[in-house]
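Good morning, colleagues. Please bring up the sequence and the structure, and I shall then go through how the parts are arranged.

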Amino acid sequence: METVLVVEDDPSILLGLAKNLSFEGYRVLQASDGQKALDLAFESPPDLILLDLMLPGLNGFEVCRTIRKHDPHVAILILSAKGQESDKVLGLDVGADDYVSKPFSVKEVLARVRALLRRRKALTG
């Protein structure tokens with residue numbers, strides 16, 4: 001069973017994503033701040049991380065950069081209200097594999113999760 005770490009400080013978005021991912025058969029870990037995200041990512045390395053940028057404490061850019069240094073293979077999908085081109089470019093440059101602006105379609109996010117996990121599986125065997 002593939003593991004997805006959802007990092008989101010909005011409780012309703014966190015719950016919605018966690019429920020949808022669980023329904024799709026993924027094991028879901030949840031963090032509502034940057035430090036907890038790092039702790040979970042290092043304790044129970046996930047296959048994919050859904051990462052908000054505007055988090056309490058460490059922001060998503062810092063979390064992404066730190067995780068990427070330690071795990072070059074984990075898939076990282078940023079989900080953020082920061083929809084400016086410069087934010088998207090920075091997110092991808094610090095190590096994210098994909099970037100979706102809020103508000104988002106759950107169906108689209110799930111499709112991107114499947115695509116990223118397929119690509120990860122093909123690369124890592």
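This is a predicted model: local features need pLDDT of at least 70, side-chain atom pairs count only at pLDDT 80 or more; totals for chains, interfaces and linings use all residues.

Helices H2 and H3 are roughly parallel to each other, because the angle between them is about 15° and angles under 35 degrees count as roughly parallel. Helix H2 covers residues 34–43 and helix H3 residues 60–70, and their axes lie 10 Å apart. The crossing of H2 over H3 is right-handed.

Which residues of H2 meet H3? They are Gly-34, Ala-37, Leu-38, Ala-41 and Phe-42, and on the H3 side they meet Val-63, Thr-66, Ile-67 and His-70. By class, this contact of H2 with H3 comprises 6 nonpolar and 3 polar residues, with no charged ones.

Helix H1, residues 11–23, packs against helix H5, residues 106–124, at an angle of about 55°, and the axes are 11 Å apart. That angle makes H1 oblique to H5. Here, too, the crossing is right-handed. From H1, the contact uses Leu-17, Asn-20 and Leu-21; from H5, it uses Val-106, Val-109, Leu-110 and Val-113. The contact of H1 with H5 divides into 6 nonpolar residues and 1 polar residue, and none is charged.

I now come to the sheet. In what order do the strands stand? The order is E2-E1-E3-E4-E5, an open sheet of 5 strands with parallel pairing. Strand E2, residues 27–31, and strand E5 are at the edges with a single partner strand each, so one side of each has no neighbour in the sheet. From one strand to the next, the twist averages 20°.

Thr-3, for example, has Arg-27 in E2 as its bridge partner.

H3, already described beside H2, lies across strand E3, residues 48–51, and E4, and runs at about 165° to E3. H4 packs on the sheet as well, where it touches E4 and E5, and its direction makes about 150° with that of E5.

Terms used
Residues are numbered from 1 along each chain as its sequence is written. Side-chain values use heavy atoms; hydrogens and water are left out. Axes are lines fitted to C-alpha atoms, for helices over the stretch in contact, and angles run from 0 to 180 degrees between N-to-C directions. Helices (H or I, at least four residues) and strands (E, at least two) are DSSP runs, numbered from the N terminus. Angles under 35 degrees count as roughly parallel, over 145 as roughly antiparallel, 65 to 115 as roughly perpendicular and the rest as oblique. A crossing is left-handed if the near helix is turned anticlockwise from the far one by less than a right angle, and right-handed if clockwise. Contact means heavy atoms within 4.5 Å. Ala, Val, Leu, Ile, Met, Phe, Trp, Tyr, Cys and Pro count as nonpolar, Asp, Glu, Lys and Arg as charged, and the others, Gly among them, as polar. Two strands pair if DSSP finds at least two bridges between them.
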